[in-house]
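This briefing concerns one protein structure, shown below. Please read the points that follow alongside the sequence and the coordinates.

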Amino acid sequence: MSAPELLNTELVRTRFDRAVATYADAAVVQREVGNRLLERFDVMRLSPAVVLDVGCGPGTHTGALVARFADAEIVAIDQSAAMVSRAAPAVDAPKANWLERFGLSRKNATSAGHTRGVVADMAALPFAREHADVLWSNFALQWANDLPALFAEWNRVLKIGGVMMFTAPGPDTLIELRRALTWANVAPDERVQRFTDLHDIGDMLVHAGFADPVMDMEVITLEYASVDALWRDLKAQAATNAMRSQPRGLMTPRKLRAIEAALDAGRRDGGPIRISVEVIYGHAWKVAPKKTADGHAVVRLDAIGRGKPPGAARSGV
C-alpha cells in the first residue's frame, strides 16, 4: 500500500474557509453521491439519538439528515468554522475549555433545534467514548493525514452497535488530469493528490475494530466546456493541491499550456473535456471488542453462563 502524501492541514482549512460561498454550487459529485449514500439508510432499522455529520462542509446533507432522523440530535462537524456556520445556525460547545481550544466565544455556544455545529479536527472529535449512534461522512476522508488513526477515533466515539457511513474519492479520481501532467513532463504526484484504494480502506476499518465493512465503488464522469472551467470548479471546491511536498512557486506558463493542450487533445469529436471521479462507498458497524489494548480477552458479564465450559458433560447436567 502506497500512502498518500501528507497534506498541509492549515492550508486545507484556509481554502475551505475561502470557498464557503462557492462550494455548494460546485460540489456536484459530493451532492449526488451523498444522496445515494442516504438511500442506503432505507434498508437499516435505525433510531439514533445522536448523528455526527463529519466533514459537513456548508451543510450539503445536514438538512437531509435532520429530515431523516427527526428525533435525533444532528451534529455538523468541520475543521472550517466558516463551513460550520453555514451548516448550523450556531457553534455549540459543551465546555468552556473546549471553546477556548477552538477559539470560539461563549456568545456562539448555543443550540438550534435538533442541529448544532462543532468546529473540530475530524481525527480528534471532542466527544466522550461511545457518544454517537451514527457517524456519517461524505467526501471527507481525503483530507485526513492518518486514516488508521481517523478510523480508530471514529470507532471510539461510536456506540457498540452504531454504524459508520462514508464516501470518498478513489485512486482513479482525476486520472485524466494526471495523464495530462505526465504528457507535459510534470510529475503528477507533485501536483495531484493521490487517494486511497477501497481495499486498503476496508483493511483499515477491520483493524480499527469495525465489523464486516461493506465496500463498493463507481465512476462518475464530469464534463467541462473548457480547461478554465475545470480549474474554476476545483478552486470553488477547495480541491486544489494542498500537499506538503508540492513544489514551491507557480507552474510556468509553458507547462500550463502543455497541460491544457493535453486535456484539450482528450476531447472526442470536439466534445467536452471529461474528468473521472472514482467514488468509494462504505459502511461498517461497531462491535464489542474481543480483546483489550494489551491483548487480554474481553468477556462480557451478560455472556457468562450462557454456554457450558469446555469439557462439560453432554448428559444435560
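Leucine 174 counts as buried because its relative accessibility is 13%, where buried means under 20% relative accessible area, exposed over 50% and partly exposed in between, with a 1.4 Å probe and protein chains only. The model is a predicted one, in which local features need pLDDT of at least 70 and side-chain atom pairs count only at pLDDT 80 or more, while totals for chains, interfaces and linings use all residues. Residues are numbered from 1 along each chain as its sequence is written, and side-chain values use heavy atoms, with hydrogens and water left out.

**Overall composition**

- The protein contains 12 helices and 7 strands; helices (H or I, at least four residues) and strands (E, at least two) are DSSP runs numbered from the N terminus.
- The protein has 317 residues, of which 44% count as buried.
- The accessible surface of the protein is about 16,700 Å², and carbon and sulfur atoms account for 52% of that surface; accessible areas come from the Shrake-Rupley method with a 1.4 Å probe, and for residues only the protein chains shown count as cover.
- Of the contacts between residues at least 6 apart in sequence, 77% join residues at least 24 apart, a contact being heavy atoms within 4.5 Å.

**Residues with positive phi**

- Leucine 174 is not a glycine, yet its phi is positive, at about 60 degrees.
- The loop that holds leucine 174 runs between strand 5 (158-169) and helix 8 (175-183).
- Glutamate 130, also a residue other than glycine, has a positive phi near 55 degrees.
- Glutamate 130 belongs to the loop between strand 3 (115-119) and strand 4, and its relative accessible area of 35% makes it partly exposed.

- Glutamine 142 sits in the loop that links strand 4 (132-138) to helix 7 (147-157).
- Glutamine 142 is classed as buried because its relative accessibility is 13%.
- Leaving aside residues up to four places away in sequence, glutamine 142 touches Leu7, Pro169, Gln193 and Phe195.
- A polar atom of the glutamine 142 side chain lies 3.1 Å from the backbone oxygen of phenylalanine 139; a polar contact is a pair of N or O atoms within 3.5 Å, where within protein one must be able to donate a hydrogen and the other to accept it, and residues adjacent in sequence count only if both atoms are side-chain atoms.
- Glutamine 142 and threonine 196 are 54 residues apart along the chain, and their C-alpha atoms are separated by 7.9 Å.

**Serine 47**

- Serine 47 lies in the loop between helix 3 (28-39) and strand 1 (50-54).
- With 78% relative accessibility, serine 47 counts as exposed.
- A distance of 8.5 Å separates the C-alpha atoms of serine 47 and aspartate 133, which are 86 residues apart along the chain.

**Helix packing**

- Two packed helices are described by the angle between their axes and the distance between the axes.
- The axes of helix 8 and helix 12 come within 8 Å and cross at roughly 130 degrees; axes are lines fitted to C-alpha atoms, for helices over the stretch in contact, and angles run from 0 to 180 degrees between N-to-C directions.
- Helix 8 and helix 12 are therefore oblique to each other, since angles under 35 degrees count as roughly parallel, over 145 as roughly antiparallel, 65 to 115 as roughly perpendicular and the rest as oblique.
- Helix 8 and helix 12 form a right-handed crossing; a crossing is right-handed if the near helix is turned clockwise from the far one by less than a right angle, and left-handed if anticlockwise.
- Glu176, Leu177, Ala180, Leu181 and Trp183 of helix 8 meet Ala258, Ile259, Ala262 and Leu263 of helix 12.
- Helix 12 (residues 253-265) also crosses helix 11 (residues 227-236), at roughly 110 degrees and with the axes coming within 10 Å, so helix 11 and helix 12 are roughly perpendicular.
- In helix 11, Val227, Asp228, Leu230 and Trp231 meet Leu256, Ile259, Glu260, Leu263 and Asp264 of helix 12.
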